[in-house]
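Dear colleague,

I am passing on the structure we spoke about, and below it I have set out what was found in it. Please read the notes with the coordinates open beside you.

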Amino acid sequence: MRRREYGGSVRHRSCVRRGGRERERRSAPRPAGATMAVGPDGTVVGSVSGGCVEGAVYDLCAEVIETGRPRVQRYGIGDDDAFTVGLTCGGTIEVLVERIDRHTFPQLDEVARSIESSEPVAVVTCVDGPADRLDARLLVWGDRHADSLGSARLDAAADDDARGLLAAGRTGALHYGPDGERRGEGLTLFVASYAPPARMIIFGAIDFAASVAQIGKFLGYDVTVCDARPVFATPKRFPGADRVVVDWPHRYLRAEVNAGRIDSRTVVCVLTHDPKFDVPVLQVALRENLAYVGAMGSRRTHDDRLARLRAAGLTDKELEALSSPIGLDLGARTPEETAVSIAGEIIAARWGGTGARLTSLAGRIHHG
């Protein structure tokens, strides 16, 4: 998704932003929605390709700041062209470059306030279509929308579809006919979703949890550590966590589900390997649509855990969502190494990776 610089670093400046990448083909170092902002003093924040085409995009930004006319530019049409601008991976990306100021985007402050208050908001921009529609915007929240793309029917269709992307925390393109026809052609809208970070909930206040919390923050998660034992569940022991909760794991998770604070991006790591904690919380977790549920323990612990969960009524289909023993086979020994193993499995689950060594594989590096 586009980075927070969109609403923070560039607000109140007179001109400035390069919009997110709308499409990518073959290998690409950053996902759709990566953002780079160029300030009026030439300051650069963010990145669209991890350094591959930044120089060329920077020059284009200077042109757009001067003219005020948005541009969509493709880089890497062929490997030779890609090498010219630095896209040596041989992939193809398209970037939207647009000038942002109080006149071209008067709602920027409103978007920034939503981001800063953790209220999910999506910015829908027309990036391809008739000249009178280009750069038109629709702002979408969970309960309302503002501005217009130029047609009430198009606004209604984009509002509905953008809310779906926003709920999943996804950024991407939508294609319609001129008046919002979903099977039509001629209009491409780019939806930049600004949602709060996905959650990682770690159950079990053990030494391994401290390392998992730290790597979870590194990956961008909002991290909670929960344990029923107050002597172990203390903020001092888990400085990398956003919060440390003293509660029975299953009770806390059920309360979070009921409060609507759990979604399909949520990651749950059960590290207690104690059946009186593990089994009740896994009964809750495995019946929700979560991004990842992993549980620590030996093979013997795993087999015992499965038997207890089946006895509690969980089906084989529900148990398929459980990653146990947790993590990838890295030969990890220390808490820090184990945290890397767990993080690797979470990333693989998110993007469809295999966990195998890239040197032993052929084909695309990036999945999905």
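To begin with the charged side chains, E98, D135 and R137 are linked to one another in a network of salt bridges. Please keep in mind throughout that this is a predicted model. In total, the structure holds 22 salt bridges, and a few of them are described here.

One of these joins D247 to R251, whose closest N and O atoms lie 2.7 Å apart. D247 has a relative accessible area of 18%, and because buried means under 20%, this residue counts as buried.

Another salt bridge brings together the side chains of D274 and K276, with an N to O distance of 2.7 Å. Here D274 is partly exposed, at a relative accessible area of 23%, and K276 is also classed as partly exposed, its relative accessibility being 48%.

R305 and D278 form a further salt bridge, in which the closest N and O atoms are 3.2 Å apart. This pair links distant parts of the chain, since R305 belongs to helix 8 (residues 299–311) and D278 to helix 7 (residues 275–285), the two being 27 residues apart. Both R305 and D278 are buried.

Notes. Residues are numbered from 1 along each chain as its sequence is written. This is a predicted model: local features need pLDDT of at least 70, side-chain atom pairs count only at pLDDT 80 or more; totals for chains, interfaces and linings use all residues. Side-chain values use heavy atoms; hydrogens and water are left out. A salt bridge is a side-chain nitrogen of Lys or Arg within 4 Å of a carboxyl oxygen of Asp or Glu. Buried means under 20% relative accessible area, exposed over 50%, partly exposed in between (1.4 Å probe, protein chains only). Helices (H or I, at least four residues) and strands (E, at least two) are DSSP runs, numbered from the N terminus.
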